[in-house]
Amino acid sequence: MNPNLVTTTQAVDTAFYVIFGICGVMLLGIIVTMVWMVWRYNRKRQPVPLSQKDHNLWLEVVWTAIPTLLVMVMFWYGWEGYLSLRRIPDGSLEIKGTARMWSWFFTYENGKSADKLYIPVGQPVKIRLESEDVLHSFYVPAFRVKRDTVPGMTTWVWFVAEQPGSYDLFCAEYCGVAHSAMVTTVEALPAAEFQAWLESGATVDPIEQGATLAQQHGCLGCHSVDGSPRVGPTFKGLAGSPRQVLQSGKELTVTADTDYLLRSLREPAAEIVAGYPPIMPVYAGLPDEEVTALITWLETLR
Ligand code: CUA
């Protein structure tokens, strides 16, 4: 890594500690002066005023100049830090980050995609952020970066991981019922390991692929696989079971066969399982082989 590179963490922390330090010194100074004056000039100790002077030019100049200087120092550190966050270092790896209700999805230049953000240690990464539906916010506290994803607009962040590890990645903009489940991780891998991961092929086993797709498309943000209800009904024991559904306002019982699963994916609003809100996003654009893999996997969750 370029030794002169100011990381986003350093940029934000420097500004934070400078501002926090100045505020701390000011707070302490003001309180000490105030307490001392209360003691020194209280009525018992000082019944008659010592002086009737109503101003002192030098004192006024000093107490205007020092705070102005302090505010300019805070501004300078804040501005420098901001510029570091907005200046993309040379040699950054570009990755596309997609936000949608309620999951993250990352696509690499070679077409590889993942629901976790895999990055190489020591190389800056630029994440190009897009939203498929509403406002979300890409937030990785460890790297001090937070940026909104806006429908119809591309935004971006950059950062660099100096140590390998797994770092939390949150959505920091309230985006609907499962907002709090819109979490994933940044997986920082040593460069060689990252390269190997990037070049490894996709999974081919349809059941395994289905499980991966459910993860990638965010299905698991709303549907559990262990029987517990979430925003949507659980996947466990779903295939082949009788379902109480609302179809055009009428309640009826249907069997969750392959056709039912297919309809639920392609046009989720057609039949709504009784007791759940009609909020499932439409996955009309899913390729057929992905739908088949998902259904194959769903049918194993008995
Ligand atoms: Cu996406 Cu909150």
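Visitor: What gives the most to the lining of the largest cavity?

Guide: This is a predicted model, in which local features need pLDDT of at least 70, side-chain atom pairs count only at pLDDT 80 or more, and totals for chains, interfaces and linings use all residues. Residues are numbered from 1 along each chain as its sequence is written, and side-chain values use heavy atoms, with hydrogens and water left out. Helices (H or I, at least four residues) and strands (E, at least two) are DSSP runs numbered from the N terminus. H5, helix H6 (258-266), strand S13 (271-273) and helix H7 (288-298) each supply at least two lining residues, but the most, four residues, come from H6.

Visitor: What volume does the largest cavity have?

Guide: On a 1 Å grid over the protein atoms alone, a cavity is a set of points where a 1.4 Å probe fits but cannot get out, whereas a pocket is an open set with protein on both sides within 12 Å along at least five of seven lines, and lining residues have an atom within 4 Å of a point. Grid points are joined across faces, edges and corners, and a volume is the space filled by probe spheres set on those points. One cavity of 30 Å³ or more is counted by this rule. The volume of the largest cavity is about 560 Å³.

Visitor: Which residues lie closest to the centre of the largest cavity?

Guide: By class, its lining has 24 nonpolar, six polar and two charged residues, where Ala, Val, Leu, Ile, Met, Phe, Trp, Tyr, Cys and Pro count as nonpolar, Asp, Glu, Lys and Arg as charged, and the others, Gly among them, as polar. Of the 32 lining residues of the largest cavity, which is about 560 Å³, those closest to the centre are His223, Pro233, Phe235, Ser264 and Met280.

Visitor: Which residues does Gln215 touch beyond four places away in sequence?

Guide: Gln215 is found in helix H4 (residues 206-216). With a relative accessible area of 38%, Gln215 is partly exposed, given that buried means under 20%, exposed over 50% and partly exposed in between (1.4 Å probe, protein chains only). Contact means heavy atoms within 4.5 Å, and, once residues up to four places away are set aside, Gln215 touches Asp115 and Leu220.

Visitor: Which residues of the largest nonpolar core touch the most other members?

Guide: A nonpolar core is a set of buried Ala, Val, Leu, Ile, Met, Phe, Trp, Tyr and Cys residues joined through side-chain atoms within 4.5 Å. Among the 34 residues of the largest such core, the ones that touch the most other members are Leu117, Ile127, Phe138 and Phe159.

Visitor: How many residues are in the second, separate core?

Guide: Leu117, in the largest core, is in contact with residues including Ile95, Phe106, Leu169 and Val186, its neighbours within four places in sequence being left aside. The second core is separate and includes Ala214, Ala239, Tyr260 and Ala293, and its count of residues is 22.

Visitor: Is Lys126 buried or exposed?

Guide: Lys126 has its place in strand S5 (residues 125-131), where, not counting residues up to four places away, it touches Ile88, Trp156 and Trp158, among others. Because its relative accessibility is 17%, Lys126 counts as buried.

Visitor: Which peptide bond is cis?

Guide: Most residues other than glycine have a negative phi, and most peptide bonds are trans. Trp102 lies in the loop between strand S1 (93-100) and S2. With omega near 0°, the cis bond is the one from Met101 to Trp102.

Visitor: What is the radius of gyration of the protein chain?

Guide: The chain has seven helices and 13 strands. The globule rule, 2.2 Å times the number of residues to the power 0.38, is set against a radius taken over C-alpha atoms. For 302 residues the rule gives 19 Å, and the chain is more spread out than a compact globule because its radius of gyration, well over that value, is 29 Å.
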